[in-house]
Amino acid sequence: MSSSLHRGIGMTSLRTRERLIQRLRDEGIGNQAVLEAIRNTPRHIFVDEALASRAYEDTALPIGQGQTISQPFIVARMTELLLEAGPLETVLEIGTGSGYQTAILSKLVKRVYSVERIKSLQLQARKRFQELHVRNIRLHHRDGGMGLPEYAPFDGILVTAAPEGIPRALVDQLRVGGCMILPIGNRSEQVLVRVTRTRAGYEKELLEQVVFVPLLGGTL
Ligand code: SAH
């Protein structure tokens, strides 16, 4: 095992993780498979060493480049919402960031495609997946607003940065019956939305208020 897997070993104690799982339960996360995936994914690997001691707090943390690793509660909530549609084979994630949400998804679906616009974040995430021996994740460096048409249709899409409206290109890459979970809104106010692709177009359902970094254009 590489030494980086051992770092912060004190923080990874089962008790510390168990407290997070209990908190997520108390906050209303009911999907057992999602809770198991969170229990078995070392979140401290996905943040800077200096922040490892806070990795099992239910809070978003900075990951550099002005971006954040999402709060465990929102990761759990979005994953649970995505899985409500039934078993999923292929999922597209927009905004790899640290790779934490990607890693959780990889335990619950057959294959995850994840797109990130900032190359340095993508490279760090790739290293983490190698360390953890995760093999069902495919990473792409590009502007995710256009999705990944060459691999469409997807059973589900999860967007972890907020566009101002529903990106039509992404809806078009969902299979009929598939759903997309995404935050929409501006920098100060966003709402989590579930979009379900129908034969005629799509249906949308507004869920709770959330805070995400904005979905930006172009690549870095
Ligand atoms: N799921 C990530 C969340 C990271 S924050 C995690 O838990 O770590 C959102 C990420 O979306 C950032 O890394 C940001 O660079 C990325 N992002 C923003 N706009 C994007 C776009 N148009 N295409 C791809 N990624 C984008």
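Buried means under 20% relative accessible area. Asp58 has 11%, so Asp58 counts as buried. The model shown in these views is predicted.

**View 1. Asp58 and Arg23 meet in a salt bridge.** The N to O distance is 3.5 Å. Asp58 sits in the loop between α3 and β1, and Arg23 sits in helix α2. The two residues are 35 apart in sequence, so their pairing ties together separate parts of the chain. Asp58 is buried. Arg23 is partly exposed, at 43% relative accessibility.

**View 2. Glu18 pairs with Arg39.** Their closest N and O atoms are 2.8 Å apart, and the contact is a salt bridge. Glu18 belongs to helix α2 (residues 14-26). Arg39 belongs to helix α3 (residues 32-39). The pair therefore ties together parts that are 21 residues apart in sequence. Glu18 is partly exposed at 32% relative accessibility, whereas Arg39 is buried at 16%.

**View 3. Arg77 and Glu208 form a salt bridge between a helix and a strand.** Here the N to O distance is 2.9 Å. Arg77 lies in helix α4 (residues 72-83). Glu208 lies in strand β9 (residues 202-210). This pair links distant parts of the chain, 131 residues apart. Arg77 is buried, with a relative accessible area of 18%. Glu208 is partly exposed, at 24%.

**View 4. Glu18, Glu36 and Arg39 join into one network.** Salt bridges that share partners connect these residues. Side chains of opposite charge can pair when their charged atoms come close. The model's count comes to 12 salt bridges.

How values were computed. Residues numbered from 1 in each chain as written. Predicted model: local features only at pLDDT ≥ 70, side-chain atom pairs only at ≥ 80, totals over all residues. Heavy atoms only, no water. Salt bridge = Lys/Arg side-chain N within 4 Å of Asp/Glu carboxyl O. Helix = DSSP H or I, 4+ residues; strand = E, 2+ residues; numbered from the N terminus. Buried < 20%, exposed > 50% of the residue type's maximum accessible area, 1.4 Å probe, protein only.
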